[in-house]
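Good morning, and thank you for coming. Please look at the sequence and the structure on the screen before we go through them together.

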Amino acid sequence: MQIRASLLWLCDLAHYFAFVLGNEDTEMWTYRRLVGSLVAIILVGAAFSAAAVAGTTGVISGKVTAAQSGAPLAGVKVSAVAPTGTYSATTNATGFYSMFGVDADTYTLTFSATGYDPLSVPGVNVFADQSASVDAAMRTSTKTLGKEVVRGVSGGAYQPKQTVDTYTVTQAQINNIQGNSLNISETNLITSLPGAAADSNGYPTIRGGRENEEGFQFEGIPYTDAFTNQFVNTLATPGLGLLNVQLTPGAGSAVFGNSGTGTLNLIARRGAYPAFTDAQVAAGGGQFYHAGNFDYGTAAADGRWSNYFAFSGQNTGFYYGNAGIPAAQFGRQFSTLTEIDREFINNFTYRFGTNSTKSVQLFYDDAQHQFTQGYGGNPYCFPGCDGEYGAAINGLLGQIGANISQQQLASITGFVPYQSGQNQTLASVGRAPATYYQPNHALKLQFDDNVNSTTFFSAKFYQVNAVTTFDFPAWEEFGGSIQQGGFTKGVTADLTSQLGDKNLLKIGADYAYLRPVYNQPGPGQGIESTLFGGGDSVTGLGAFEFLDFLPNDANCPFGVGACGYLTPFLPSLPSRVPQNLEQSIATRQDMSIYIDDTFSATPRLQIEPGLRFDGANYRLPTPGVDPATCTTLYEPTSWNTNVSSGCPIATFNNITNAQTRPRIPEPRFAMSYQLRDNDAIRFSYGRSVEFPPLGQVDLYDPPQAYAGYSKIPSFDTLGFLFTGQSLPANCGIPGFQVPCKNYGEQLYWENQNTFQGVPLQPVKPELFDNYDFSYSHQFAGGFAFKVTPWYRRGYDATASVQSPILVNGQPVSNGAGGFQFFPPVVTNKGTNHATGVELLVTKEAASGLSGQFTATYINEFSNVIPLSGSEDFFPSIPPPSLLLNNLYRVGYLSPFQTSLDLNYQRNGWRISPQFSYDIGYPNGAGLFAAAFVNGVPYNLLNTNASGLINAAPNGTVQYIDPEDPGSFFNPHIAATRGTPEGTWPGGKLDHPLTTANLTIERSLGHNQVLGFTLNNVFNNINGGPVLNARYQPVATGFSGPLSGLHSQPFFPGLGQYNYLPFIRGQNAYVNRPDGQPRSYYLYLQVKM
Amino acid sequence: MKFRHVIGALIAGALLAGCSTNGSSINPTVSPGNLGNDKLQMAVGTANIGFDGTVGLNVVTTFRQPNGLSAVLLDAPTITGPAGFVVTANAPSMDAGTNHISGSVQVSTGATPPPNTFGFAGGAFKYGIAPYNSDNTGNPYPNGPGLYAEPFYSGDPVPIAGGPPAYPFFNNGTFISGFVGYSQGFSAFETPATAGSYGVSLIVPIANGPTRTFSTSATLTSLAPLPGVGAPSVTEDGTGGLSNVSATVPADARVFETMFYIADTTSGLFFTIGPLAGTGTLSGALPDTLGKCSGNNCQNGAGASASLAAGDNYAVYAIVYDYPAFEASPPGSSSQTPALTGPNSGGQADISISNVFSSTYGGGGINRRRPHVAHRIH
């Protein structure tokens, strides 16, 4: 009956969820329609998909026995009390008790029964989705007080009942890691945990996964954006507002889905009784820094309601380099000048019903982060008046003897968003050259019902909105305000039931709707697409439509007669070339269902099997040939033009439900065994999935941008220059083209092919098999350690690949020594595997020394070329490397990283140093590279000769004798850069690095604390060495006077006339001493 | 706190250049080579320029590492003549009327080449002076493919490069496409030679070390040119080759060897027949299938293509040497100090360039016009 009552509540909630999910506009709905559909989805599980949703509550359970006899005690009242709430239970006939839906917090358990001394167990930490097992042995009243039972319920490394590999840090431990709560760096927090490491760009990865193969969560709701699967919260934590943080490397239990290589879940604090408040203000030196935090938590005395509110704000102005030069003077391209962070969270809970067994939680998070950068181009000018941009265009035109004046170029270049004048400067409109606006808002409404002593039900609705605006008005061809991110709405339902003493069963289902947002306008790209569009009917090269937008006069770059095709159709020329505009059209629905059982076979042995089904529906157009244009949006597997009439016949055998509607079963298994009181082992296996981000699948230009040209006949401008004939250009995906139906189609495909490629590229999800094993031990004195070796194998990893065009099985020459390729498309041809070991050592203490030491070793291999562009985000693989089945050690991870976070408290002082160390990051151009020779792939010595036929991502360090070059197979290397190199790129490590931060606090009394934090104690300002891309070889180890120089001066008059030599210098590798130097701040904290 | 990746910028790699905070201030250790082990050689002689009817100066240089490869990839050569040596007024202004023939070191990108003979591009390499000076783009042929057309200062110089069959076949797709043929090691100047001591000095500009200078000298004792040679006679076999290429080399005790050069100015391919020893009527043949093909030994297989395609314009000329020119040339020569004078050359390196035979393959007719070539790279 109580379960049925629970379902009725679900029905009522289903009304609201379905209404909000399905209708963004106000719309009437009916009870029967919505309940029927949503309940069917959630409970019947007709559709499968995946959203990564963990929980925010845990379970406390255990067994109470008589100390003397060991007999189970029934009827013992057990209560768990924390400032955030109180829970109670009574032992059953077997002495077993359990409490569900316990908010994550630190509790004191009290056991009381007539005839027995009460027993108190403090410091019981409850973490989300975990069970805290607390057994009690009670003594009869004639004896002295019962002893405390200490069973691995601390936040330390020893967690004997933990089946799944999880690292949880409490609020106190967060402060140890961060130094103080003013440190909002989530990256620092994550990478201080075992299994997490910083990649070479400083972004956190979990067990070596890519940046978008991780599940970020806050309060159990996914915090990844709908378009790229990146984090939405700028990797900033809300200062005071965290209760604990939970990192689950690997697959986790069946509760976790679409989690890739691991999941991070942040849990917000709750209000408590009596109320508390905390305020901090800080001001810094070494660089500009002002910060303020404030929080207030309160609750009713009877625990009926609680509310927690926190605000975190920081303004930072960055300095760089040896002399602490402000970024504006440093001239460091794309450096951050200022950062503004604001975050507000509120967490409200209301309990109701008999014995307050029901609760509703409303959680809201609002974050605003703004990064203003240095120079993304000419800092004073929009693209149209940017001399550098004009020089770049003319650099291309000059190769064929043409030139366009700056004024002409400006007259046909479109405006970026919010630009109103051709010669408008950024300064006149108060716009910075580059600004990142990264807001995110999240709302969660959660209903919990402790149905009875053995059953707990939870349902939640959530909405996460995160659309970043990359405002880059001066980024030449990319100029404009780019919006990227999306909106996610979802519902989840979870049922937990204690079946007898031994089985804790969980079942649940999720549904999420992802609507991405991606708008990238590019006026300059519109111009450039007419140079490279590939729609020319004669040469296959760019069709030069920009000439059509100019008047046909003596100023025409190719002379009178070559310009002005659009004169009869447009009222006046010059007219602005339509900008390139990429917009996302696809949406996605994620769904999942799972079942998980934790079986306590014995008091020492827990076994947790589980099964999860994840699925996604990508809402994409059906593959096919558009009868109106005879083009396709997907790359066909065959293309038959031998038709008597109508469009070519295409097949799309590679686009199936596996790509557009994947359904993935994921078995999970975990177990833990407590060998002795202080020793435990655990093992887990889990298959996990990562659905391809919509940004990898959908690269579509909306044709509506060119609709104004649809009534103008297509005209192959470049072909006309060659032949004098007026012919239509070609439209469609290269290799699958037809004559354009009109000029609008022509412009559309030029833009699509130049910058996005194949419009829609669905791929299968990536799968992982995760294995790990742990051994943990606790020592006296609060020390504990846990060591976890692990292995992960990835299948069907996504990567962009270009395939060669084959005719009768032979590659087609491009006439320049190479071959023709189809445009790159996203495929599942990536592969990776990784092994590693994680170590965690903890020391817990209420006073004196506490802290943790972590170490992470990762040995990961992938078929993505190390150090290639976007290696751990949206990578690409050159065809020869793929065909040779080359595997490389990944280039974005240091194989070994450690962190030591200490905290020493005594007599009103707190000293908290944090150290991190890595053995270096992969470096080096490598001695070999994969390349095609006569259409056959080979691994060849990577020289400046083979560099023209391969895709060595980092350039080369070996130079042939130009008079006696030798063949690609036997190159005659006359000089090298003289540096040690590995076989492949990234084959060497740069030098180890140790960094340190230090916080010192002094209690002033009256609830006040004065603190001082010193960041970057060792003043590390150097980025890792990078291969000098402007290196002039003279002889082995010697470089020439052009090394480091660029043909165009960058940013004249801005302190860095020729910016590149400063960073590139004349050496084989250059090091940029342009990191942020040592800085400090003072702060005052008041706690009540 | 991290800003998020923008996908659009991924396309051009314009991402987040400043996020790296890992690594150290130490760059990888550089182990420099020992330039002191490099050797510069020079020989001088006369150049009998048959198609212009003049006699000029010939300079042969090698600048090699111990393994026989080019010593450096960048240098600025200057050839200085003895008293009385005056460079022709046809030379670029910095050299005309002086006693030196020079090049310059480039110190900034995009600079206008100076008005001297070798400009920024010319440098001394394994065998001769060639427009292959490196730049900072990593391209092995930053100044465009090809070798210098010679002689310098001629109104109509001819391209000279060594190709098959005399040299190993390289038109099979396994060589970089910018390589057109092997340097013949000499620099002929259409300016009157003067007896006396000539020197060559190379400035090797080094940014991460001290600039080095290499120099050597050679003496021109005899101004007597090698005998002139008429244009070769050529017989096409109609199947892509030349069944007979012959020329008459007048007797001269100094003559060491003669090479025939065939330049297909339509396809850009170069072929060489030789070396042919002795004097008198010397002849050879150009096989049919030395055109571009794909794969090792493809020139002997089904995928072979004609050396000279129907309709291709081509030119043939002979060069007579009084020193082992072919033996000193790459790729066969790996000696650091090959012989640059002949047994009977009197310590000089003299050459005689024949008149030019020009024609269109399969087009009939004999055209004795000199082939038009682009001005030399500067």
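Let us begin with a helix. The buried residues of α3(A) are Gln173(A), Ile174(A), Asn175(A), Asn176(A), Ile177(A) and Gln178(A). A residue counts as buried if 20 or more other C-beta atoms, placed from the backbone, lie within 10 Å of its own. Helix α3 of chain A spans residues 171-178 and is mostly covered, with 6 of its 8 residues buried. Helices are DSSP runs of H or I with at least four residues, strands are runs of E with at least two, and both are numbered from the N terminus.

Residues are numbered from 1 along each chain as its sequence is written, while chains are lettered from A and ligands numbered from 1 in the order in which they are written.

Against what do the buried residues of α3(A) pack? Their partners in chain A include β9 (167-170), α4 (186-191) and β14 (242-249). After α3(A) comes Gly179(A), with a positive phi near 90°.

We turn now to chain B. Here an open sheet of 3 strands runs in the order β12-β13-β16, with antiparallel pairing; two strands pair if DSSP finds at least two bridges between them. Its edge strands, β12 (233-236) and β16 (280-286) of chain B, each pair on one side only. Strand β13 of chain B, residues 242-249, pairs with β16(B) over 6 bridges in the antiparallel sense. Within β16(B), Gly280(B) stands opposite Val249(B).

How many residues does each chain bring to the contact? Chain A supplies 98 residues and chain B 73 residues, where two residues are in contact if their C-beta atoms, placed from the backbone, lie within 7 Å. On the side of chain A that touches chain B, strand β55 (residues 1033-1035) of chain A gives the most, with 3 residues.

Finally, confidence. The model scores ipTM 0.93 and pTM 0.85. The pLDDT, the predictor's confidence in each residue from 0 to 100, averages 83 in chain A and 89 in chain B. Over residues 1-52 of chain A, however, pLDDT stays under 50, as it does over residues 9-24 of chain B. Where pLDDT is low, the predicted coordinates should not be read in detail.

Definitions and conventions
This is a predicted model: local features need pLDDT of at least 70, side-chain atom pairs count only at pLDDT 80 or more; totals for chains, interfaces and linings use all residues. A residue is buried if 20 or more other C-beta atoms lie within 10 Å of its own, exposed if 12 or fewer, and partly exposed in between; C-beta atoms are placed from the backbone.
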